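Here is a set of questions and answers on one structure. Take the sequence and the coordinates together, then read on.

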Amino acid sequence: MSGTQVQENKTVTLGSLWRDKKTRGMILQIFAVIGILIFIGIIISNTVENLDRLGVKVGFDFLSEPANYDINQTLISYDSSDSHFRAALVGLLNTLLVAGCGIVVATIFGFTAGVLRLSNNFVLNRLMQVYVEVTRNIPVLLQILLWHGIIINSLPVPKKAEALVEGVFMTNRGVFLPQPIPQEGFGWVWIALLVGIVFAVFFKRYANKVQMQTGKLLPAIWIGATAIIGLPVLTFLALGSPLEVSYPALKGFNFKGGFVVKPEFMALWFALSIYTGAFIAEIVRAGIQSVSHGQTEAAHALGIRPNFTMRLVVIPQALRVIIPPLISQYLNLTKNSSLAIAIGYMDLVATIGGISLNQTGRALESMGIVLGVYLFISIVISALMNVYNKRVALVSR
Amino acid sequence: MSTETKKYPVGMHPALPPPSGSVGPVRWMRDNLFSSVSNTVLTFLGLYIIYLVVPPFIEWAFIDSVVLGAESRKECLKIMGEDRGACWSFVYHRWGQFVYGFYPMEERWRVDVSFVLTALTIAIVLVEKLRAIKAVLIAAILFPVISFFLITGGSFGLAEVPTNKWGGILLTFIVGLTGIFVSLPIAIVLALSRISKLPIFSFFATIFIEFIRGVPLITLLFIASTLLSYFLPPGSNFDLLLRVLIMVTIFSAAYIAEVIRGGLAAIPTGQYEAADALGLSYWQSMRLIILPQALKISIPGIVGSFIGLFKDTTLVVIIGLLDPLGIGMAAIATTDWAGLSTELYVFIGVFFFIFCFGMSRYSLHLEKKLNTGHKQ
């Protein structure tokens with residue numbers, strides 16, 4: 001028996017190489033690398049050949065050419081003589097704007113619905129269940145189109161619109177709001193706000209230290225909030241209210257002046273918030289349910305008051321479960337905002353990946369930019385996510 | 001008049017019924033609706049919201065609506081008169097297109113047969129007693145193949161129907177079901193590669209999965225419609241639907257791979273070690289020990305991905321394929337039916353809701369059935 005073993009070990013045949021785990025792994029990996037390289041090589045050679053045949057040049061020089069199209073919502077100054085690059089930038093900012101606004105509202109919706117879903121109030125509980133099930137099971141593209149249709153079709157034209165509150169008009173061309181225009185000296189208000197925030201942060205740290213040393217609780221939240229709100233308000237009043245308000249006024253067929261929220265933006269914002277809110281509601285519910293009841297009972301047994309139990313015991317543990325899937329919902333919302341193209345909201349995909357691509361025919365470069373930007377956003381957020389996960393990870397025994 | 005009283009010895013009085021406020025519907029309402037002032041307010045607020053939304057919707061969708069007898073929106077409005085309800089006539093009028101797209105009229109029986117075969121396949125896969133019979137199981141594998149030949153045509157004496165004629169619910173099912181069934185095996189391979197100890201495999205699988213998950217599906221569909229022809233050998237003409245199917249499949253495979261990876265990570269190391277100790281090879285241990293357990297715990301996630309994929313099939317409308325939404329948008333773009341967008345979106349929404357809600361309920365049922373009690 002031992003004789004055969006020795007023999008097998010000495011003679012190296014193809015079969016014995018294959019039976020050895022390490023060698024087999026190496027061989028498989030070498031084949032995989034070769035296969036993938038060949039695959040990439042074929043694609044590159046095909047692309048080069050195709051581009052040659054069509055006489056298309058590759059390069060990013062088209063980005064500096066004038067775009068020659070208008071964008072109906074711009075956060076930075078833009079007109080049709082600006083470059084494709086600037087158009088892409090406008091699109092990116094529009095994507096980030098609707099994603100940011102959507103994330104805030106979706107979080108509010110989601111947390112409200114998730115908490116109410118757990119309440120013992122039968123009516124609200126069921127109402128939230130219906131909300132979650134209905135919105136989760138209908139394609140988001142359909143919801144975007146539905147809200148867009150409702151806004152366009154059921155709101156009045158500007159001429160017939162009546163003011164909701166002074167200076168606020170809901171029309172099918174958008175919601176018109178009074179726009180505050182900062183005058184000279186308004187910059188000091190921003191500085192005051194910054195000082196307030198810095199003060200609040202430092203006070204909170206000090207309060208934590210005091211609590212650690214003496215056990216005394218300082219009203220850090222109240223004092224911080226007062227500083228953040230009070231300082232800018234005081235500065236504002238001390239400077240003699242350096243702010244003018246421009247009210248929208250009807251001129252011809254549309255309103256002039258003021259600040260307008262476009263119907264495309266509203267529809268996208270609303271639909272994405274409601275859709276993602278339903279997913280967040282389920283995450284929040286699962287998170288709160290995951291904290292074992294023993295934790296609450298233990299806290300009560302220690303004599304901790306109910307609202308402190310919630311704040312110091314239940315929520316921190318629930319958040320550990322809630323935050324990772326919550327962030328991935330935020331990412332989904334950002335990616336879903338690319339459906340803007342269906343209703344004509346000019347986001348990143350609609351500008352550089354849509355009109356610019358069609359005008360210049362630079363499909364490779366334009367799609368490359370779009371993919372690159374989305375990948376960058378995803379990678380940054382998942383990197384932050386990993387840092388967070390490491391920080392809150394349970395130390396397992 | 002005096003009530004009859006009976007004397008009982010101390011402690012021998014029979015139990016009285018509980019006070020009326022502590023049992024039955026009154027108690028339930030007190031606990032669940034009016035337990036505190038804020039709860040009472042919330043209850044009435046909830047009821048008010050229901051009152052605001054439900055009766056007008058029922059009135060609009062059912063009571064005041066028109067289904068039959070109108071050939072255009074104008075006729076709908078004439079029939080409705082003062083009450084403005086939904087005009088469902090265009091759905092009825094274009095029902096054939098909603099189901100088959102532009103599939104030739106005289107060939108539609110082929111699609112019908114395929115629908116029946118698909119329903120049978122799904123029934124066989126879902127019902128355990130049927131699945132146990134071998135002949136039935138083989139039929140379940142054959143049915144999709146038969147459906148494929150039936151729908152594409154061009155063989156067995158059937159006329160060929162080009163894919164640009166396919167549309168409506170037929171298209172939704174083709175994209176959805178192909179994506180679901182083809183992506184699952186790819187996803188398993190991707191997940192196993194990603195957790196593999198061989199660095200090259202895990203490296204490429206990670207890059208692939210993160211790339212696909214990092215970009216929106218719509219950009220991948222744009223790649224399918226504009227870029228993919230650059231990557232293919234010159235002169236080859238790839239069908240648009242096929243390109244879309246490839247993109248949808250790898251998209252959903254990347255998501256399902258991550259779900260399965262989660263399932264694999266949840267299997268205790270002891271299971272891997274036990275498989276090794278039994279002398280099983282890698283594939284044997286995966287097939288017999290690890291994957292059955294991992295897939296079982298991944299079921300909710302996998303069904304969730306399927307639902308997502310099914311909903312995402314609506315995106316094909318953006319690159320010009322005519323799924324039910326596309327058919328409907330073409331319908332309401334005509335002068336006859338202009339202005340019926342709300343009806344269209346509600347109709348399509350109900351269609352998707354039925355299927356997606358059904359799938360999520362089935363997944364809950366499966367979860368309960370497969371729960372063998374090992375859960376901590």
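Q: How do the residues of the lining of the largest cavity divide into nonpolar, polar and charged?
A: This is a predicted model. The lining of the largest cavity includes A:L51, A:V56, A:V58 and B:Y230. A:K57, A:R362 and A:E365 also line the cavity. The division is six nonpolar, one polar and three charged.

Q: Which element supplies the largest share of the lining of the largest cavity?
A: Among the lining residues are A:A363, A:L364 and A:E365. The largest share is three residues. Their source is helix 13 (residues 363-392) of chain A.

Q: How much space lies in the largest cavity?
A: The structure holds one cavity of 30 Å³ or more. Its lining draws on chain A, and B:Y230 also takes part. The space in the largest cavity is about 40 Å³.

Q: How much area do chain A and chain B bury between them?
A: The contact involves 49 residues of chain A and 56 residues of chain B. Carbon and sulfur atoms carry 73% of the buried area. The area buried between the two chains is about 4500 Å².

Q: Which three residues supply more of the area that chain A buries against chain B than any other three?
A: Chain A and chain B bury about 4500 Å² between them. On the chain A side, the leading three residues supply 13% of the area that chain A buries. They are A:Q29, A:N137 and A:L142.

Q: Which side chains meet in a salt bridge across the interface of chain A and chain B?
A: Side chains of opposite charge can pair when their charged atoms come close. Across this interface the rule finds one salt bridge.

Q: Which helix supplies the largest share of the side of chain A that touches chain B?
A: The rule finds 15 residue pairs in polar contact across the interface. Helix 3 (21-54), helix 5 (122-136), helix 6 (140-154), helix 9 (263-290) and helix 13 of chain A each supply at least two residues of the chain A side. The largest share is 14 residues, and the source is helix 3 of chain A.

Q: How many residues apart are A:R362 and A:D61?
A: A:R362 forms a salt bridge with A:D61, with the closest N and O atoms 3.7 Å apart. A:R362 sits in the loop between helix 12 (348-360) and helix 13 of chain A. A:D61 sits in the loop between helix 3 and helix 4 (84-117) of chain A. The pair links distant parts of the chain, 301 residues apart.

How values were computed
Residues numbered from 1 in each chain as written. Chains lettered and ligands numbered in written order. Predicted model: local features only at pLDDT ≥ 70, side-chain atom pairs only at ≥ 80, totals over all residues. Heavy atoms only, no water. 1 Å grid on protein atoms, 1.4 Å probe; cavity = no way out; pocket = protein on both sides within 12 Å on 5 of 7 lines; lining within 4 Å. Points joined across faces, edges and corners; volume = space filled by probe spheres on them. Helix = DSSP H or I, 4+ residues; strand = E, 2+ residues; numbered from the N terminus. Nonpolar A, V, L, I, M, F, W, Y, C, P; charged D, E, K, R; others polar. Contact = heavy atoms within 4.5 Å. Buried area = accessible area lost by both parts, 1.4 Å probe. Salt bridge = Lys/Arg side-chain N within 4 Å of Asp/Glu carboxyl O. Polar contact = N/O pair within 3.5 Å; in protein donor to acceptor, adjacent residues only side chain to side chain.
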